[in-house]
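I opened my notebook to look up a few helices and strands. Here is what I wrote down.

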Amino acid sequence: MLERSSSRPDDGKTLSQTLARDGLAVTLQSQADARSELIGTAPTDDETNRKNMALLIQLRWTAVVGQIVTIGAVHFGLGIPLPLERMGAVIGALVLLNVSSLVWVRHRAAITNNELLVALMLDVAALTAQLYLSGGATNPFTSLFLLQVTLGAVLLDARSTWSLVALSCASFVWLTLAHRPLDLPPNPLSETYTLTVTGMLLGFVLNAVLLVVFVTRINRNLRERDAHLAALRQNAAEQDHIVRMGLLASGAAHELGTPLASLSVILSDWRRMPDLAADQELAEDLAEMETSLQRCKSIVTGILVSAGEARGEGSSPTTVTAFVTALVEEWRNARSARTLYFVNTFGEDVAIVSDVALKQVIFNVLDNAYEVSRDWVELVAEREGDNLVLSISDRGPGFAPEMLAQLGKPYHSSKGRAGGGLGLFLVVNVVRKLGGTVTAENHRKRGATVRLTLPLATLAIGGNFDA
């Protein structure tokens, strides 16, 4: 018997190494799939460019209104004749461009940097045309070129920005050489000087206001993009952490499976030996050892299922009420704890698939609650719309404020030990994979509640759910 048990671990080790190697291949593929999914869902600059294009359209509407007001004030208020037909044609072209841009943006899948550059260049061209018809470089509103250049510096890449700078400089130089001079009324020099200074002041104020308004909005769009990308990077890091822990757990479970199998055979042989079976006290000890061994094997099997191996072996058709009721009984029996109070207000039962990973998630939360509140733990199952809500409450010290703020982050634990916090980290991520959410809150006096909200559609048999 001893020779048989000593040879078995070598064969088991070879098998476990093969399974661990296969698990590594599956894990690496899962990492590749996770990264591919991240790349596919990560927002590029297209979404931000779309928002920025919308801001340029708003700016163009502002330019249209401002030009109409300015032309009317100069032509009719100051008595300075302007070519209304041609300047009106430029305004009409801007209106047509804006309407076309609105339709184009709605049906455009993505907005590129080059398209933003073209939009800004068209605005520079329209401004150049209006300045050409109203005094050229002598017009105090030439400072609006700086608005376009500043927007380009914020919105575009370096090469495109310099292209816009070159166009603006070329336009200004051209306006100094060719323009339609203003037919100013015969006023004293002091009044002409005052008119020019007033125009420069208005141009400066307009530039400053538009820059503050639109650059602030553009920066907000960029901050939202950066925050979204940071969240995606954090999510990718967490997924990578989960995969690595899954690989570690899978390898450990495979390696533990070999000695557990050997111990199971040895215990079975011992129980059949007449000398040992005749000793009642020893026979009871052997039975207790076999029960504990089966418990260990069940835990190892659960680890493999949670790590993504042998998927489906621990899954079976059931209902919400049967699943939660069986889960409560199993937890009570495994922990010899009778202080777990179960309240079922779910209502009409729904058929679902019993998932081992979900059961272990709920066990984890119950274990955490039982660790800090041995005398009372409550599990409430209820339905909110199309969601199953499981609330686990305790009468412990509650969560620290920083723990609530970092709920589900790895290595953030209220237990004060190295490596803590992985339990809730796995809970949050498994529930998130099922499309659900995890929230936690402290009670007003003592204790805390952790709520697991799970969509019934993801738990239903075949993934189909009818409310």
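I began with helix 10 (residues 320-335), whose 16 residues should span 22 Å at 1.5 Å a residue; its end C-alpha atoms are 23 Å apart, which agrees. The expected span is 1.5 Å times one less than the number of residues. Helices (H or I, at least four residues) and strands (E, at least two) are DSSP runs, numbered from the N terminus.

I noted that this is a predicted model, where local features need pLDDT of at least 70, side-chain atom pairs count only at pLDDT 80 or more, and totals for chains, interfaces and linings use all residues. Residues are numbered from 1 along each chain as its sequence is written, and side-chain values use heavy atoms, with hydrogens and water left out.

Next I asked which residues of helix 10 are buried. I found V320, F323, V324, L327, V328, W331 and R332. Buried means under 20% relative accessible area, exposed over 50%, partly exposed in between (1.4 Å probe, protein chains only). Seen down the axis of helix 10, the buried residues fall within an arc of 160°, so they line one face. The arc is taken from the directions from the helix axis to the C-beta atoms. S336 follows helix 10 and has a positive phi, near 55°.

Then I turned to strand 5 (residues 387-394). Seven of its eight residues are buried, so the rest of the structure largely encloses it. Strand 5 pairs with strand 4 (residues 377-384) in the antiparallel sense over eight bridges. Pairing needs at least two DSSP bridges between two strands. Two residues lie between strands 4 and 5 in their hairpin, and G385 in the turn has a positive phi of about 65°.
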